[in-house]
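Morning, everyone. I have one model to show today, and I will keep it short.

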Amino acid sequence: MSSFFRVLTAEGLKLRRTLAFRLAVLAPLFIVILQFTIELVRGDEESGAPPGTNPLMGFAQGILTFWTIVLLPFCAALIAALLAALEHQGENWKHLLALPVPRTCIFAAKWIAAVGLLSLSSAVLVAAYCLAAGILQAVKPGWSAASWPLPTIIQRAFLGLCATSLLLSIQMWISLRWRSFIPGLAVGVVSLVVNIIILPAGMFAANLFPWCLPAIAMAPHSPHRVLGVAWGLLGGVALGMIACWDLSHQEHQ
Amino acid sequence: MTDSPAIETRELTRRFGSRTALQSLALCVPQGCIYGFLGPNGAGKTTTIRLLLGLLRPHQGSIFLYGEPFTWERRDLLRDVGALVETPSLYPHLTGRENLDLTRRILGLPIARVAESLELTGLCADAGRVVRTYSLGMRQRLGLALAWLGKPRLLILDEPANGLDPAGTREWRALLRQLAKEHQVTVFLSSHLLSEVEHVADHIGVINRGQLVFQGEIGNLRGCQPPLIVRVDRPHEAAHLLRAGGWRVVEDSNHALSVQAASETDAALVNRALVMGGIHVCELCRQEDTLEDLFLRLVAQADAGGAI
Ligand SMILES: Nc1ncnc2c1ncn2[C@@H]1O[C@H](COP(=O)(O)OP(=O)(O)OP(=O)(O)O)[C@@H](O)[C@H]1O
Ligand SMILES: [Mg+2]
């Protein structure tokens, strides 16, 4: 266990000044700023929300929808590719894998680093939402009385994160196994397109398709929400373990 | 176990598809020596090193590190091994010090080891710069610092002086000698350049097309003394005279004879015989047979199917 934590601290140090780290912070900021700008420029009557609904909840819904359907899966694909590229680029495997630590630790630490970055993204998303919502409340007269749906937002962001595990494991496995970043990104982009098509169609298959799971986990009235979160989380952990086992038995040619 | 070789391989064989990269390799690297592992491009040096580091699995045969069988599962044996395979494995976005700190963390070493390694490789002044801005020589040195971080008993270096200028290469040699002498480290050094190895190594292994064609102390490789070159005023008479005295003589052009005379005393005897026979000896020297020549001869012999 101590080897694992030692490798994990090294993995943390490795993230300094990386694109993966910047992406994890900037992607959620981008979507919040975009949504914030839209809300800022349009009048209360244009919002389209039925009268009586909480404008802060509507604001959150807009952010979360785009985040779960598009940005979260895409970030997972990019982060997996970037983390793997750190090792592929400098041919660093030949050094890492010749160190006297179990190989599974090395790969498990990579997984945890990816999960850590996506968690950071979700935390940034919630924090940026709070800031933006506070400003909107101050500047928009119709919003001043709205109550803060913070627990709901934190809960949804957390569930979405859990449901991302499965697709993250798939992306990590592909990115670590192939030197080129193309297979990982190709799978990520194609799956994203499939996600965008089958999710609104309301097919049951969407509940099993890994790229649909974050959106299903965050949707407030989805009947298969528990199934989506459980499948995403447990499937992700199981697949992650299988992938670590597979990678640690691979030769480094 | 104390006398066991640092590295021993038995019948080590590795194929890539139908191509055999290594065939029944039997290396024996004694403890405390600098072992030069020589071979032309594609001979199988890197493959051997990847096998020694557990990056590849052998298809046959076994590896022993300090007498202990090294297998895919016995990664703990690598605690005694520091390695630099081809180009150093570095993270260009991190500083030199951070690169060392990464490995230090993984190995669970005290923080002081980073400074010691930097000092040994002369990188203290540049340790705060990101590796992206390092020159090739600095990267190679950082690679050595990385290999040396855990103070291993065995250093495995694959073409470490690749891309270094002559001054850099000399610096490397001095560094390796210092490590071997001051810290009793066994160094396994691969190269396709004889000049790189012949001045540091005390043991040599020569590999060609996956097979070992020579292994032993460097002196043994040079054991067969080159002939004595004798320049005289009357070569015909001199040759006749020496042959009569039982020497093996070949007449060269330019009034020179080449005489098979192994020892220093033999050289003196040849000289005396000639002078006593009234021949004027203008020059007496040994033709330096470089390791390069020997190497080419060994490889040619191996290719022709001959043994050494
Ligand atoms: N991953 C691989 N897949 C297929 N063949 C390989 C692989 N690695 C090495 N080989 C083959 O094995 C043989 C030995 O290669 P190796 O890299 O060990 O040579 P080398 O002695 O290190 O050469 P160099 O001096 O050029 O570095 C070569 O014929 C090479 O083509
Ligand atoms: Mg090589």
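This is a predicted model: local features need pLDDT of at least 70, side-chain atom pairs count only at pLDDT 80 or more; totals for chains, interfaces and linings use all residues.

Residues are numbered from 1 along each chain as its sequence is written, chains are lettered from A and ligands numbered from 1 in the order written, and side-chain values use heavy atoms, without hydrogens and water.

Ligand 1 lies between chains A and B. Of the 13 residues around ligand 1, the nearest are Gly42(B), Gly44(B), Lys45(B), Thr46(B) and Thr47(B); a residue is near if one of its heavy atoms lies within 4 Å. The shell divides into four nonpolar, six polar and three charged residues, with Gly counted as polar and Asp, Glu, Lys and Arg as charged. Its largest share, three residues, comes from α1(B).

Now the polar contacts, meaning pairs of N or O atoms within 3.5 Å. A polar backbone atom of Gly42(B) is 2.7 Å from an oxygen atom of ligand 1. For the side chain of Lys45(B), the distance from a polar atom to a ligand oxygen is 2.8 Å, and for an N or O atom in the side chain of Thr46(B) it is 2.6 Å. The protein covers 68% of the 630 Å² of accessible area that ligand 1 has on its own, by Shrake-Rupley with a 1.4 Å probe.

On to the sheet. Six strands of chain B form an open, mixed sheet, ordered β7-β8-β9-β4-β10-β11. Strands are DSSP runs of E, at least two residues, and helices runs of H or I, at least four; two strands pair if DSSP finds at least two bridges between them. β7 and β11 of chain B each have a single partner strand, so one side of each is left without a neighbour in the sheet. Strands β8 and β9 of chain B run parallel, joined by five bridges, and Ile156(B) has Phe188(B) as its bridge partner in β9(B).

Notes
A polar contact is a pair of N or O atoms within 3.5 Å; within protein, one must be able to donate a hydrogen and the other to accept it, and residues adjacent in sequence count only if both atoms are side-chain atoms.
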